[in-house]
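The sequence and the structure come first, and the notes follow.

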Amino acid sequence: MIALTINGEPRRFERVLTVSELLDQLALTGKRVAIERNGEIVPRGRFALEHIAEGDKLEIVVAVGGG
Amino acid sequence: MDTLNIAGQAYSSRLLVGTGKYKDFEQTRAAVEASGAQIVTVAIRRTNIGQNPNEPSLLEALPPNRFTILPNTAGCYTGQDAIRTLRLARELLDGHSLVKLEVLGDPATLYPNVVETLSAAQTLVKEGFHVMVYTSDDPIIAKQLEEIGCVAVMPLASLIGSGMGILNPWNLQIIIENAKVPVLVDAGVGTASDAAIAMELGCDGVLMNTAIAAAKDPVLMASAMRKAVEAGREAYLAGRMPKKLYSATASSPTTGTIAPIQGKAA
């Protein structure tokens, strides 16, 4: 089990995942999102390559209405 | 053609609109269309993480290939949060570099924190962002933001969401006179005449959200704002007549009027 914080919420996963696999589990595959991992941007081109690790803090954002 | 030029791009519309506070994305899209805006602001927020997989997406209603999407840092109270937000926005929008920086100082007034704004602007410009910056109507700060390399300076007319209109046209005029980059009024416009006044002062554009979204009929107000910005711009370019208190000059000929009838009081 690994424990992460995603958008401020604690989440647990069975095993180490790539960012792509994580997005799949969160039903976010194909959505236009951007991800920050422990304060650093994860470029979209690295989603399939980068693995999340125990204790990671992720921010996953979208564009919403705003002024 | 008279265009608004920002970071090397020419825009025929001088009205920029926000996308917040609408009933739904359909209304957002209709209002944006009616406004004629080519640049639309969006906020960057945490997505739901699986709780609502079929949530509609704003960027489907407003596709980035049709509109210039201007991500903002609304809700950021530190320069650091604003910088992180815009780095995420750049990634989200495929390397898009035109952004709106706002660092707020106080949740009650949403007044900008200009100290944090200046330092965040410095970092963002160094990182290659084209920064349109929300600021107070302080002419010195506006000039400093320009000198840092911001591509547009956007002073408030009055507080965000207040609809109080243009409270200090004199400061705006000083900012406009001193600026070599576009100056846009951002925040405080309440109705069409406010937008026209901003443009008549010589602003290069107006950015608004609540004035349209909180109108009873947002789509109709969006159309009114489009006309007001165009009218104000044309009036500015035309050059208004001087104000002449107590030196009236009639528009009609002063000679050749018919004679009064003798002996009859008017």
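**Interface of chain A and chain B**

Chain A and chain B bury about 2500 Å² between them, 56% of it from carbon and sulfur atoms; buried area is the accessible area (1.4 Å probe) that two parts lose on being put together, summed over both. On the side of chain A, A:Arg32, A:Ala63 and A:Gly67 lose the most area to chain B, together 23% of what that side buries. The model is predicted: local features need pLDDT of at least 70, side-chain atom pairs count only at pLDDT 80 or more, and totals for chains, interfaces and linings use all residues. Residues are numbered from 1 along each chain as its sequence is written, chains are lettered from A in the order in which they are written, and side-chain values use heavy atoms, with hydrogens and water left out.

**Residues in contact**
- Chain A gives 27 residues to the contact and chain B gives 30 residues, where contact means heavy atoms within 4.5 Å.

- The rule finds four salt bridges across the interface, each a side-chain nitrogen of Lys or Arg within 4 Å of a carboxyl oxygen of Asp or Glu.
- A:Arg32 forms a salt bridge with B:Asp94, with the closest N and O atoms 3.2 Å apart.

**Strand pairing**
- β5(A) pairs with strand β4 (residues 39-46) of chain B in the antiparallel sense, over five bridges.
- Strands are DSSP runs (E, at least two residues), numbered from the N terminus, and two of them pair if DSSP finds at least two bridges between them.
- A:Val62 stands opposite B:Arg45 in β4(B).

Note on methods: Helices (H or I, at least four residues) and strands (E, at least two) are DSSP runs, numbered from the N terminus.
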